[in-house]
Amino acid sequence: EIYARRVATLGVSHEETIRIGCNVSVSLLALKRWDDLKSLVCDQLLPAAQTSLGADHNVTLTLNQNLAAALDLDPKRTRVDLLEAESIMQDVVQRRRRVFGPAH
């Protein structure tokens, strides 16, 4: 509900909207609502985050990490899902090291 209100008032590409959406994705992950998480992240949050915040922004990286976790943990996962999750996480780790340093 909070995310929907932010989309309505600030727009889908506003940083605060994306941050709230990221928090929703964390909740969906904890609730094991894999399909809802994948849909929200892939269809709305990642495109907005990559455009508005950039691929190296911490929120964008966290969204990618949450997507990878959902792909990996979903009991209906396929081999393709696992390979995609691995690829996403390798990219996230590489970007985090480059952006935040190796100690991060």
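This is a predicted model: local features need pLDDT of at least 70, side-chain atom pairs count only at pLDDT 80 or more; totals for chains, interfaces and linings use all residues.
A residue is called buried when its relative accessible area is under 20%, exposed when that area is over 50%, and partly exposed in between. By that rule Thr 60, with a relative accessible area of 0%, is buried, and Thr 60 is found in helix H4.

**The nonpolar core**

- The largest nonpolar core has 24 residues, and those with the most contacts inside it are Ile 18, Val 41 and Leu 63.
- Two or more residues of this core come from each of helix H2 (15-30), helix H3 (34-52), H4 and H5, and H3 gives the most, with eight residues.
- Val 41, when its neighbours within four places in sequence are left aside, is in contact with Ser 25, Leu 46, Pro 47, Leu 63 and Leu 67, and Leu 63 is itself among the residues with the most contacts inside the core.

**Helix H5 and its two sides**

- Helix H5 covers residues 79-100, and at 1.5 Å a residue its 22 residues should span 32 Å, which agrees with the 31 Å that separates its end C-alpha atoms.
- The residues of H5 that are buried are Asp 81, Ala 85, Ile 88, Val 92 and Arg 96; because they cover an arc of only 70 degrees around the axis, they lie on the same side of H5.
- An α-helix has 3.6 residues a turn, so residues three or four places apart point the same way.
- The buried residues of H5 pack against helix H4, which runs over residues 58-73, whereas Arg 79, Val 80, Gln 90, Gln 94, Arg 97 and Arg 98 are exposed on the other side of H5.
- Glu 86 also lies in helix H5, where it is partly exposed, with a relative accessible area of 45%.
- The C-alpha atom of Glu 86 is separated by 17 Å from that of Leu 46, a residue 40 residues apart from it along the chain.
- Just after H5 comes Gly 101, which takes a positive phi of about 95 degrees.

**Two residues in loops**

- Asp 74 lies in the loop between H4 and H5, and because its relative accessibility is 2%, Asp 74 counts as buried.
- The side chain of Asp 74 reaches the backbone nitrogen of Lys 76 at 2.9 Å, and, not counting residues up to four places away in sequence, Asp 74 touches Trp 34, Asp 35 and Lys 38.
- Lys 32 has its place in the loop between H2 and H3, and with a relative accessibility of 57% it counts as exposed.
- Most residues other than glycine have a negative phi.
- Lys 32, although it is not a glycine, has a positive phi of about 60 degrees.

- Gly 21 is found in helix H2 and counts as buried, since its relative accessibility is 0%.
- When residues up to four places away in sequence are not counted, Gly 21 touches Tyr 3, Leu 40 and Leu 45.
- Gly 21 and Arg 6, which are 15 residues apart in sequence, are 9.2 Å apart in space when taken from C-alpha to C-alpha.
- Thr 60, the buried residue of the opening lines, is in contact with Leu 46, Ala 49, Gln 50, Leu 53, Gly 54 and Ala 55, leaving aside its neighbours within four places in sequence.

**The cysteines**

- A search of the whole structure finds zero disulfides, and Cys 22 is in none, as the nearest cysteine sulfur, that of Cys 42, is 13 Å away.
- A disulfide calls for a pair of cysteine sulfur atoms within 2.5 Å, so the sulfur of Cys 42, which is 13 Å from the closest cysteine sulfur, in Cys 22, is too far for a bond.
- Cys 22 counts as buried at 7% relative accessibility, whereas Cys 42 is partly exposed, with a relative accessible area of 37%.

Key. Residues are numbered from 1 along each chain as its sequence is written. Side-chain values use heavy atoms; hydrogens and water are left out. Buried means under 20% relative accessible area, exposed over 50%, partly exposed in between (1.4 Å probe, protein chains only). Helices (H or I, at least four residues) and strands (E, at least two) are DSSP runs, numbered from the N terminus. The expected span of a helix is 1.5 Å times one less than its number of residues. The arc is that of the directions from the helix axis to the C-beta atoms. Contact means heavy atoms within 4.5 Å. A polar contact is a pair of N or O atoms within 3.5 Å; within protein, one must be able to donate a hydrogen and the other to accept it, and residues adjacent in sequence count only if both atoms are side-chain atoms. A nonpolar core is a set of buried Ala, Val, Leu, Ile, Met, Phe, Trp, Tyr and Cys residues joined through side-chain atoms within 4.5 Å.
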